[in-house]
Amino acid sequence: MTSTRIRTTAAKLGLPHLAEALNQYVQRADEAKMGYLDFIDLVLSEELAVRDDRRFRNGLRLSKLPHHKTLEDYDFSFQPDLDPRKVKDLATLSFVEDKANVALLGPPGVGKTHIAVALAVAACRAGYSIYFTGLDDMVRHLKAAEDQGRLISKLTSYLRPSVLVVDEVGYQPLERAEANLVFQVISKRYEKGSIILTSNKTFGEWGQVFGDEVLATAILDRLLHHCEVVSINGNSYRLKNRLQAIERDTDVA
């Protein structure tokens, strides 16, 4: 069988990387004096790695994540009260397997969104579908869909992913009708998919956020039943970076 025919067959089988890298595989097999089974294992392993990487990149592209930072990029030394082990345990993704939730609480700028995104990136790498949204954006899109008579379809976009990241809960108070839309997302995802949320409000303040104590309690009841809560009460990264920039500008001047 000629190499051209092998490439054609590989392309028909949906193995484009094999078609492109065939000569490299043959050379590696010759150099390592591989047997037939080892050669097949090499080809299949490489093709699987390429597919996984392609799936990962496509998942990130569709996720709407604001950036793709990882936990390795997070400066735990700047938040000494935050136990790195707790966050790194979350990165094992057992909470995703259990369809549980993660709540990251703390004032603005402490890195809540960074950790949320890092966990989502890890989940995507592991093969889970992910989606990122700010709470205000989610509510706005759901309201528009409801007005257009396609609420169920829009709800599905927030129910489908294995991991839904809901950022900035509490930055703007919601009307009761808006809070009810959030309740629908939370309740329909309950024990069916994971939520990672960030909030600058304590849970005791959620009644003000959602404009109704009873509705807030119903949301929290479903959210916290299976949930890891991480509180970050340190200094602001953004303020630190801004102060450093000011100091550099002063030194130059």
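How many aromatic pairs does the ring rule give? The count comes to four aromatic pairs. The whole structure also holds six salt bridges. This is a predicted model, in which local features need pLDDT of at least 70, side-chain atom pairs count only at pLDDT 80 or more, and totals for chains, interfaces and linings use all residues. Residues are numbered from 1 along each chain as its sequence is written, and side-chain values use heavy atoms, with hydrogens and water left out.

**Aromatic rings**

- A pair of aromatic rings is described by the distance of the centres and the angle of the planes.
- Here, rings of Phe, Tyr and Trp (its six-membered ring) pair if their centres lie within 6.5 Å; planes under 30 degrees apart count as stacked, over 60 as edge-to-face and the rest as tilted.
- Y131 and Y158 form an edge-to-face pair, 6.0 Å centre to centre with 70° between the planes.
- That pair links distant parts of the chain: Y131 is in strand β2 (residues 130-134) and Y158 in helix α8 (residues 151-159), 27 residues apart.
- Helices (H or I, at least four residues) and strands (E, at least two) are DSSP runs, numbered from the N terminus.
- Y158 is buried, at 1% relative accessible area.
- Buried means under 20% relative accessible area, exposed over 50%, and partly exposed in between (1.4 Å probe, protein chains only).
- The rings of F203 and W206 have their centres 5.3 Å apart and their planes at 75°, so this pair is edge-to-face.
- W206 is buried, with a relative accessible area of 2%.
- Ring pairs join F203, W206 and F210 into a cluster.
- The charged end of R125 sits over the ring of F56, 3.7 Å from the ring centre.
- A charge sits over a ring if NZ of Lys or CZ of Arg is within 6 Å of the ring centre and within 35 degrees of the ring normal.

**Salt bridges**

- Side chains of opposite charge can pair when their charged atoms come close.
- The rule used is a side-chain nitrogen of Lys or Arg within 4 Å of a carboxyl oxygen of Asp or Glu.
- E46 bridges to R28, with the closest N and O atoms 3.4 Å apart.
- E46 lies in helix α3 and R28 in helix α2 (residues 16-32), so the pair ties together parts that are 18 residues apart in sequence.
- E46 is partly exposed at 26% relative accessibility, and R28 is partly exposed at 37%.
- D53 forms a salt bridge with R57, with 2.9 Å between the closest N and O atoms.
- Both D53 and R57 lie in helix α3, four residues apart, about one turn of the helix.
- D53 is partly exposed at 28%, whereas R57 is exposed at 58%.
- R176 and D212 meet through their side chains in a salt bridge (2.9 Å, N to O).
- This pair links distant parts of the chain: R176 is in helix α9 and D212 in the loop between α10 (206-210) and α11 (213-224), 36 residues apart.
- R176 is partly exposed at 48%, whereas D212 is buried at 18%.

**Nonpolar surface patch**

- L37, I40 and L44 make a nonpolar surface patch of about 330 Å².
- Patches are made of residues with over 30% relative accessible area and no salt bridge; like charges are joined within 9 Å, and nonpolar side chains (Val, Leu, Ile, Met, Phe, Trp, Tyr) within 5 Å.
- Accessible areas come from the Shrake-Rupley method with a 1.4 Å probe; for residues, only the protein chains shown count as cover.
- I40 is in helix α3 (residues 36-63) and is partly exposed at 43% relative accessibility.

- L93 is not a glycine, yet has a positive phi of about 70°.
- L93 is in the loop between α4 (84-90) and α5 (94-97) and is buried at 5%.
- E191, also not a glycine, has a positive phi of about 60°.
- E191 is in the loop between α9 (176-189) and β4 (194-199) and is partly exposed at 42%.

- S236 is in the loop between β5 (227-231) and α12 (237-252) and is buried at 17%.
- Not counting residues up to four places away in sequence, S236 touches F78, P108, G109 and V110.
- Contact means heavy atoms within 4.5 Å.
- E146 is in helix α7 (residues 135-147) and is partly exposed at 42%.
- With the sequence exclusion of up to four places, E146 touches L151 and L181.
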